[in-house]
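Dear colleague,

Please find the structure below for your records. My notes on it follow directly after.

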Amino acid sequence: MPEKPPPDPADHAEDFARRCAQELDYLTGDRMAELGIPTEKTGSRVPGQGHACFIPDERSGGGNDPAGGG
């Protein structure tokens with residue numbers, strides 16, 4: 001991480017999301033399981049990465065997978 005966070009809050013959030021993507025993906029998937037969401041309905045397919053529950057480059061607040069995740 002740079003010594004000072006980016007001045008724009010959105011850039012700061014994106015920086016944090018990228019640095020912590022693996023941990024956030026694990027925690028997001030774990031929380032979905034705790035809530036009883038079926039595994040095939042969690043996350044989304046990410047081109048070149050496979051399946052992910054947390055997508056650090058998504059800046060619009062998320063989206064829906066028409067296939068229902070998985």
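In which helix do arginine 18 and glutamate 14 both lie, and how many residues apart are they? Both lie in helix H1, four residues apart, about one turn of the helix. The structure holds three salt bridges.

This is a predicted model, in which local features need pLDDT of at least 70, side-chain atom pairs count only at pLDDT 80 or more, and totals for chains, interfaces and linings use all residues. Residues are numbered from 1 along each chain as its sequence is written, and side-chain values use heavy atoms, leaving out hydrogens and water.

The protein chain has a mean pLDDT (the predictor's confidence in each residue, from 0 to 100) of 78, and 77% of its residues reach 70 or more. Confidence is highest in H2, at 90, and lowest in strand E1 (residues 44-46), at a mean of 74.

Helix H2 (residues 21-34) has 14 residues, and its end C-alpha atoms are 20 Å apart. Just after H2, glycine 36 takes a positive phi of about 85 degrees.

Yours sincerely

Definitions and conventions
Helix = DSSP H or I, 4+ residues; strand = E, 2+ residues; numbered from the N terminus. Expected span 1.5 Å × (residues − 1). Salt bridge = Lys/Arg side-chain N within 4 Å of Asp/Glu carboxyl O.
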